[in-house]
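Subject: Structure handover

Hello,

Here is the structure I promised to pass on. Please open it first, then read the notes below.

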Amino acid sequence: MVQPPPKAFLSWSSGKDSAYALLEAHRLGIAQIVGVLTVVAGSDRLVSMHGVREAVLDRQIAALRLPAIKVEIPDRCSNEVYEARMAAACEAMKAAGVAHLVFGDLFLADIRAYREDRLGRIGMGAIFPLWGRNTRELAEAMVESGLEARLVCVDRRRLDPSFAGRRFDRALLRDLPAGINLCGENGEFHTLVTAGPMFAAPIDVIAGGIVERDGFAFADMRLRD
């Protein structure tokens, strides 16, 4: 008898990699996504690293039609606090019968090893549907799938701030300078997904301006209504 894929939560960053990992997990039959886990940081309650407003995140979660666990961390969070709160969230998943977490990581071996080690300590497993894929082919497949996203965080040390707010499309892939990973896997940029086959309905956002802090340029995306 063929065993069904394990139930899993998806590490939801609000961006394209986690969104496409959801699609690929289902297509490959390697995980049954039953919820999403996301990290909300600081008093402004922004999605960690991406700087996405919680109201936009909540609209995404509603469009995914999946339950969500939010891990709340303070500004300038220490690694000890982050790990303790993530572990508590994972224990809650285990109590609900879910022992796997899906990630959208592509090729950073140290990040993968860290995730596997921390989950392994509490008896959970990690699944990586996008691991090892050719970056250009993957970026083009994301666009071809109907996934729509915008760059919401740009590392100013690696990429001009003018890229903040741009659509993740074929024009962007042509315009990215040499040496920039087309999926931003080295931290060059982060994205916000606004539409795609993983959503029941698109997320209607407008750009509220560019905010620069801590060496990054953030495109402040807000719900239109």
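A residue counts as buried under 20% relative accessible area, exposed over 50%, and partly exposed in between, with a 1.4 Å probe and protein chains only. By that rule T194 is buried, because its relative accessible area is 8%.

Two notes on the source. This is a predicted model, so local features need pLDDT of at least 70 and side-chain atom pairs count only at pLDDT 80 or more, while totals for chains, interfaces and linings use all residues. Residues are numbered from 1 along each chain as its sequence is written, and side-chain values use heavy atoms, with hydrogens and water left out.

Back to T194. It lies in strand β8, residues 189-195. Strands (E, at least two residues) and helices (H or I, at least four) are DSSP runs, numbered from the N terminus. T194 touches E148, A149, F199, P202, I203 and V205, leaving aside residues up to four places away in sequence. Contact here means heavy atoms within 4.5 Å.

Next, the helix pairs. Axes are lines fitted to C-alpha atoms, for helices over the stretch in contact, and angles run from 0 to 180 degrees between N-to-C directions. Angles under 35 degrees count as roughly parallel, over 145 as roughly antiparallel, 65 to 115 as roughly perpendicular and the rest as oblique.

Take α3 (residues 79-95) and α4 (residues 109-121). Their axes come within 11 Å and cross at roughly 60 degrees. That makes α3 oblique to α4. On the α3 side, N79, Y82, E83 and C90 make the contact; on the α4 side, Y114, R118 and L119 do. By class, this contact of α3 with α4 has 4 nonpolar, 1 polar and 2 charged residues. Nonpolar covers Ala, Val, Leu, Ile, Met, Phe, Trp, Tyr, Cys and Pro; charged covers Asp, Glu, Lys and Arg; the others, Gly among them, are polar.

Now α1 (residues 16-28) and α5 (residues 135-144). Their axes come within 11 Å and cross at roughly 80 degrees. The two helices are therefore roughly perpendicular. K16, D17 and Y20 of α1 meet L138, A141 and M142 of α5. The contact of α1 with α5 has 4 nonpolar, no polar and 2 charged residues.

How many salt bridges does the structure hold? There are 22. A salt bridge needs a side-chain nitrogen of Lys or Arg within 4 Å of a carboxyl oxygen of Asp or Glu. Some examples follow.

- R121 pairs with D117, with the closest N and O atoms 3.0 Å apart. Both lie in α4, 4 residues apart, about one turn of the helix. R121 is exposed at 59%, while D117 is partly exposed at 32%.
- R156 pairs with E212 at 3.1 Å, N to O. R156 is in the loop between β7 (148-155) and α6 (170-175) and E212 is in strand β9 (residues 205-213), so the pair ties together parts 56 residues apart in sequence. R156 is partly exposed at 43%, and E212 is partly exposed at 46%.
- R222 pairs with D220, with the closest N and O atoms 3.0 Å apart. R222 is partly exposed at 39%, whereas D220 is buried at 13%.

Salt bridges that share partners also join R45, E54, D58, K70 and E72 into one network.

Best wishes
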